[in-house]
Amino acid sequence: AEEDLSGTRIRALLTGQKVIGGFGTFGLGNQRTLEEYVTWSHTNLGGNWDEYLKLHKLTPNIPDGASDPDTNPKFCESLERHPVRDAESLAKSALIK
């Protein structure tokens with residue numbers, strides 16, 4: 001039951017759906033949007049992301065029918081680093097409390 005709930009929450013999170021009570025600490029954060037991540041990584045996260053990738057002419061890094069990211073080192077090496085919105089805030093949020 002807990003595993004089913006966890007799977008439902010992660011699918012909702014990655015497809016942009018809302019859940020009762022929100023995602024709390026385990027949400028996306030505020031450094032980057034999901035759209036920014038998908039555009040950067042060309043990753044199809046399921047749901048409507050396939051349409052988004054086609055609209056923006058991006059080739060997914062996860063082939064159709066596969067469940068794991070494609071391990072193409074040249075593709076990964078070609079990705080440019082995109083800075084976060086607030087590096088100091090991100091560093092503070094990572095500290096163990």
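**Surface, helices and core**

Mentor: Start with the surface: the protein chain exposes about 8,000 Å², and carbon and sulfur atoms supply 55% of that area. Keep in mind that this is a predicted model.

Trainee: What pLDDT does the protein chain average?

Mentor: The average is 80, and 85% of the residues score at least 70.

Trainee: OK. How many helices and strands are there?

Mentor: Five helices and zero strands. From the N terminus the order is α-α-α-α-α.

Trainee: And how much of the protein chain is buried?

Mentor: Of its 97 residues, 20% count as buried. As for contacts between residues at least 6 apart in sequence, 33% of them join residues at least 24 apart.

Trainee: What do the buried residues of α2 pack against?

Mentor: Three helices: α1 (2–14), α3 (49–55) and α4 (73–78).

Trainee: Which residues make up the largest nonpolar core?

Mentor: There are six: L34, V38, W49, Y52, L53 and L58. At least two residues of this core come from α2, and at least two from α3. Helix α3 gives the largest share, three residues. In soluble globular proteins, nonpolar side chains tend to be buried together.

Trainee: Take Y52, then. What is it in contact with, leaving aside neighbours within four places in sequence?

Mentor: Y52 is in contact with E35, V38 and T39. V38 is also one of the core residues.

Trainee: Now the loops. What happens just after α2?

Mentor: H42 comes there, with a positive phi of about 60 degrees. H42 is in the loop between α2 and α3, and the positive phi is in a residue other than glycine.

Trainee: Where is T43, and is it buried or exposed?

Mentor: T43 is in the loop between α2 and α3. It counts as buried because its relative accessibility is 10%, and the cut-off for buried is under 20%.

Trainee: Which side chain does the T43 side chain make a polar contact with?

Mentor: That of S41, at 2.9 Å. S41 is one of the buried residues of α2.

Trainee: What about K57? Where is it?

Mentor: K57 is in the loop between α3 and α4. It has a positive phi of about 55 degrees although it is not a glycine. K57 counts as exposed because its relative accessibility is 75%.

Trainee: Last one, T8. Which helix is it in?

Mentor: T8 is in α1. At 44% relative accessibility, T8 counts as partly exposed.

Trainee: How far apart are T8 and V19?

Mentor: They are eleven residues apart in sequence, and 9.3 Å apart in space from C-alpha to C-alpha.

Conventions. Residues numbered from 1 in each chain as written. Heavy atoms only, no water. Buried < 20%, exposed > 50% of the residue type's maximum accessible area, 1.4 Å probe, protein only. Helix = DSSP H or I, 4+ residues; strand = E, 2+ residues; numbered from the N terminus. Contact = heavy atoms within 4.5 Å. Core = buried A, V, L, I, M, F, W, Y, C linked by side-chain atoms within 4.5 Å. Areas by Shrake-Rupley, 256 points an atom, 1.4 Å probe, with all protein chains shown as cover. Polar contact = N/O pair within 3.5 Å; in protein donor to acceptor, adjacent residues only side chain to side chain. pLDDT = per-residue confidence, 0-100.
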